[in-house]
Structures are given as structure tokens and as C-alpha cells.
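Open the model in your viewer and keep the selection panel at hand. The stops below say what to select next and what is there.

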Amino acid sequence: MTLVRTLPALIALVFAATASAQQTLVINSFGGDYEKTHRELIITPFEKQNNVKVQVTTVYSADTVAQLRAQKERPQFDVVHLSGGLDATAAAEGLLQPIQPGQLSNYKDLYPIAMQNLASGRGPMYHIAVIGLLYRTDKLKPAPASWKDVFESKLAKHLVWTDVSNQWGMLGFLMVNQVLGGTLDNVNPALDAIKKTLPGATIVSKSPEIQQAFAQSDAWLAPYAQDYAFTLRKAGLPVQFIQPREGAPIAPVTINLVKGRPNTELALKFIDYTLRPEVQAGWANAMRYSPVNKQTKLGPEVAAEVTVGEAAMSKLVEIDANQLSARRAAITEAWKRAIAK
Amino acid sequence: MPAASAASPRLEAAALIAPGAALLLAAFVLPVLQLLSVSFVAADGSFSLDAYARLISDAFYFGVTARTLRVAALITLITLLLGFPLAYVAARGSPRTALWISVLVITPLLTSVVIRTFGWLVVLGRNGLLAQVLQPLGLVEPGFALMRTETGVVIALAQVLLPFMVLTLIGSIRAVDMRLEEAARTMGAGFGATLARVTIPLSLPGIVGGSLLVFALSISSFITPALVGGPRLPFLAGSIFESATATLDWPFAAAQSALLLLAVLLLFVPVTLLRRERRG
């Protein structure tokens, strides 16, 4: 009697289970407002369009590579978003699946710089961020024009450095080092100069702390990314971004295919979706990331706050990701020792 | 039937422990052993003690370890000094007092440690509550903040870990027979003397247990020292995380983890010996 009663329920359950057995795509994102925008622009529309489920894990780039390394025998991610040249590290360790140009329909519309690393097994760039100086327009008149302006002694108390564990902190640090005459093998010029700004200057490790520093701790100047100026302005702070005259490092964020996963086709579709002009425009409008797709249409105020076009891009300074990869540990160690109290 | 089970109480006990022990073995002992094995690997894959040599000989990492142990010892002392009176009142007071103190102590534990730490960020920051109170009184200069200082870390972590000390002590003090204290009082000992010569010695197991717990939690604490201390005050747990994810130096991260484990195990040995002695 009991079996007869439960059997239909069991059958219905089995049907429901198989019907809802959609494909799942596992990706990482960077949390907070970024992840919210990520879901609006890409994740949710992609899920609907392809009737799949996208599982998002909030984890920053360095931790993602560490996890991929630990999972090498059985990776848990399908698509990973990586900043700071960590895609070079991941590719060198054999964690990524190379992408052929023919596998992406948007390939022909990308700026050359965005796809230059496909041949070495790395993924395409999908954001271009530019590292320069964020400054308060009401406190710093005229605006700082050189990277060396951060070392003005009276500004020390109002300076915010970002720890090199953050990819964009690392690029800003390396640029300052370059301007002061250092190289990737010799970061002492920057370390000595930064040590002199301590203990007045603040050192933060996560980007929301920069916002806190500007809002609550009287910060006026911070080497960081162009798009973050927009985030601060949205929060009501009078902050502008400037590209110092010595140049601004390009800080690409890449989207990569993980090696050894079963749903490569779906993952490639996701990557292709991320490179569409409408999606790129959406990112520029929401967070002022510079687009990688030549077909992206932007309004004039947005275009003024991002870096677009071949000409503007060619002026950006590129810090070699492979060389950085090889020296990252040494640079991080030197930094840690220099800033420790 | 009864005869069979009575004949093998040890077997019965073993069968009851088996699932828990199996879980502990699989989920704790084996991964820890695997972690320790990683610490003995050199860059080329061969056996090497480089990671440990570096940890001991490098002044920077020695400083990190020293700071971690020093702060943990200080926090243990502070939670003991603050926690004992609280626990005593809760154990000896009226049921209502005991209830209120328990609620006050347990409620913070219901909140995530991250949230509690953020509360301290607001209080200890440059324009935070503490600065706003002390500055008008002229006790501190403008721009004063306990954020990003060792003192700030001690204060925040002591508050976060106080509940563990208090809860351990309450149980221990309750176990001390009140009649012993009363007897001491009738023989002429004052409140302080009773405390010193009766209550505290008899609640020693709780004091030791609570101290061990707080010390172990302090040295392995990651979030609070990272958020309150900032990048300029490295602690051991943060250093492990950084070695594992930023510099990707896994042998070194494993060596530091082994050091952390050793620090706690070293304390367990005298404690266990002490307990065995007292029971015997």
C-alpha cells in the first residue's frame, strides 16, 4: 500500500531531477559591485540565453591561481578571470587550455593588444584598466602631473599605497619604481622612496579600503586604476583620475579557459559572450573599464573617462607579464620587509 | 545476549569511537600529514630542510613569529584577568545574573568574527569613536588611531576571544564546591584570601583549559590581525596565507603551518602531564 502511494511521487521526483539537470558552468568573480555588474551584464543573460546554470565563486585572481594549482588533477573551474598578468603564471604551469582565434566569433573585432597572448596559451583580455593617480580635486590644485608628485613630503599623510598582493597595487608600485630608475630586478628605488613616506602614508590591501581612506581618513592621493575613480565619484567623493606624463601601465583583466574540464564548448561560448560590443559598453558605462572590442559604442562622457582607440592604447606602458611572473615572489618579499613596522 | 556484550566492553567502546576517529583521521590527520610532507620539498622536488632553515634564521620571519606569540600571550593574560571576575559572578551569582552574563557573553559569538572586527575598525579608526572621545579631552593628538597598531590588534582580538575564556571558566568555577569557600570564610579568611587559596587553585583546570583555548585561537587568528593590524603588521596566519596564494611558495607556507601546530602541541604536553599527575 505504502509503495503504491510513494511510487508516483518517486517517479515525479526522478523526472524533475533529470529535467532540471542543466549544464553548469563554474566561474570566478571579484565580489561586491563588480560581481553585481558581472551578473547583470553577462551571467544572468547568458544563463537565460543558453538555459544553463552559472555557478560563481567570489575569489580574487591570486587565490584563483592557487586554487587551480591545488586542483590540477581535477579542476573545479571552467572559466577563470585573472588580472595582473596571472594568466601568464597559470598558462606557464599548464593550468589553462589554449584558445584558437577561430573559436571566438568576436575575435575579428578585438584590438590586437587584447588577443596578443592567445598564441602562448593565455586567454583574451576583456577589460583594460589603466593605472595612474587618483586625486581629490578639491585638495590638490593643480592636479599632480608626474608619478614623482606622490613623494612630496607634505602629501605623505594623505597618501594611500596599495599592497603588492593586489595586482593593481603591484603595477602601480612597479611603475613608480620604473620612473625612479629601477627595474623588475631592482625595486629598491621605489622601496626606499616609499619607506620615506611612512608612517604618514597608509597602506591598504583591498580596494574598498581605498574608498574608506578617501572617505574617512583624509586621503588625497592614491596610485590606482582609472575605473576606480568612477567608483569613488559614485560614492560622492570629488576624485579624478590622471595619467601621469611618464606613462600609465596597462592593467588588463583576462578571461581564460581552464584545462581538463568537460564543457569546453559552453565555456568558449561564455568567453565569446563576454567579448561582445554591447557587454563591453555595459562595463564601460557601469564601471569605466576600457573596452577591448573595436565595435563598442560609448557616449561622450563615458568615452572621456576610459581609454579607447588604438592611439590611446599604444601610449600605455606594458609591464611584461612573464618577467613579472618570474620575479613576483622576490618583489613581494622585498616589499613585505620594507613596509613592516 | 547480555553476556556477550558484557564480555567485551572495550570492543563496544572502540566501536563507538570508530566513526569519530575515522573522520578525524581522514579529515584532519591525513591532510595535516600531507601538508607537513610538502614542507620538506625543495624547488626541484628533492628532500630539503630549506623552508625550516629560512623560517628560523631569517630575522623578518622570526619577528613575525615573535610578534604572534607575544600578542597571543598578552591576549591570554588579558582575557584571563577580565574573564575570571565575569565567570565568578556568573557562577556564584543569582540565576538571573548568571543568565544575563551568559547572554552577554554568547551573543557576540552568534555574530561573525568579521562583523565584530569591522565594529572595531569603526571604533579604533582615525576619526573613530575612541579618537572622538579622547581628542577633546586633550589626551591624544589629532590623527590618533589604534588601527594598524599592535595595541589595536590586542584589544580587538581580546574582545573577540573573551567569550571562550569566560564560558570555560564558568563551568570550572561552578564545579568548585561552595561549601569549601564557606568553610574558608568561617575560618577567618577574607574574600581575597578565599579566592586566592581556595577558588583559584581548585578551578585551575578551567584556567588552564581556557588559557590554552584562547592562546591557540590567538596564534592562529587570521582575520582580526589582518583587518586591524594592516599590511605593515604581519602575523603568522596572514603570512601563511600570503605564502600559499601570493608568492605561491607552498613548502614555506607548510613550514610556517608546522610551526603553528608545534606551538600549540608544545603547550598541550605539559598540560596533559599536569592533568595526569593530579588525577593520580
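Start with chain B: among its contacts between residues at least 6 apart in sequence, 68% join residues at least 24 apart, a contact being two residues whose C-beta atoms, placed from the backbone, lie within 7 Å. This is a predicted model, in which local features need pLDDT of at least 70 and side-chain atom pairs count only at pLDDT 80 or more, while totals for chains, interfaces and linings use all residues. Residues are numbered from 1 along each chain as its sequence is written, and chains are lettered from A and ligands numbered from 1 in the order in which they are written.

Stay on chain B and switch to a cartoon. It shows 14 helices and 0 strands; helices (H or I, at least four residues) and strands (E, at least two) are DSSP runs, numbered from the N terminus. The C-alpha trace of chain B spans about 75 × 65 × 30 Å along its principal axes. Of its 280 residues, 30% count as buried. Here a residue is buried if 20 or more other C-beta atoms lie within 10 Å of its own, exposed if 12 or fewer, and partly exposed in between.

Next, select residues 95–110 and 150–174 of chain B, which are helices α5 and α8. They pack at an angle of about 135 degrees with their axes 9 Å apart (axes are lines fitted to C-alpha atoms, for helices over the stretch in contact, and angles run from 0 to 180 degrees between N-to-C directions). That angle makes α5(B) oblique to α8(B), because angles under 35 degrees count as roughly parallel, over 145 as roughly antiparallel, 65 to 115 as roughly perpendicular and the rest as oblique. Show side chains for Val105(B), Ile106(B), Pro108(B) and Leu109(B) of α5(B), and for Pro163(B), Val166(B) and Leu167(B) of α8(B), which make the contact. By class, this contact has 7 nonpolar, no polar and no charged residues (Ala, Val, Leu, Ile, Met, Phe, Trp, Tyr, Cys and Pro count as nonpolar, Asp, Glu, Lys and Arg as charged, and the others, Gly among them, as polar).

Now show both chains. In the interface, 18 residues of chain A are in contact with 16 residues of chain B. On the chain A side, α3 (61–70) and α14 (321–339) each supply at least two residues; α14(A) gives the largest share, 7 residues. That side divides into 6 nonpolar, 5 polar and 7 charged residues.

Move to strand β3 of chain A, residues 79–83, where 5 of 5 residues are buried. Val79(A), His81(A) and Ser83(A) lie on one side, and Val80(A) and Leu82(A) on the other. In a regular strand the side chains alternate between the two faces of the sheet. Val79(A) has Leu257(A) as its bridge partner.

Then select the loop between α7 (188–197) and β6 (202–204) of chain A, which holds Ala201(A). Is Ala201(A) buried or exposed? Ala201(A) is buried, because 21 other C-beta atoms lie within 10 Å. Its contacts include Ala156(A) and Trp161(A). Pro199(A) is in this loop too, and the peptide bond from Leu198(A) to Pro199(A) is cis.

Finish at Arg288(A), which has a positive phi of about 65 degrees although it is not a glycine. Arg288(A) counts as buried, with 24 C-beta neighbours inside 10 Å.

Methods:
Two strands pair if DSSP finds at least two bridges between them. Lists of a residue's contacts leave out its neighbours within four places in sequence.
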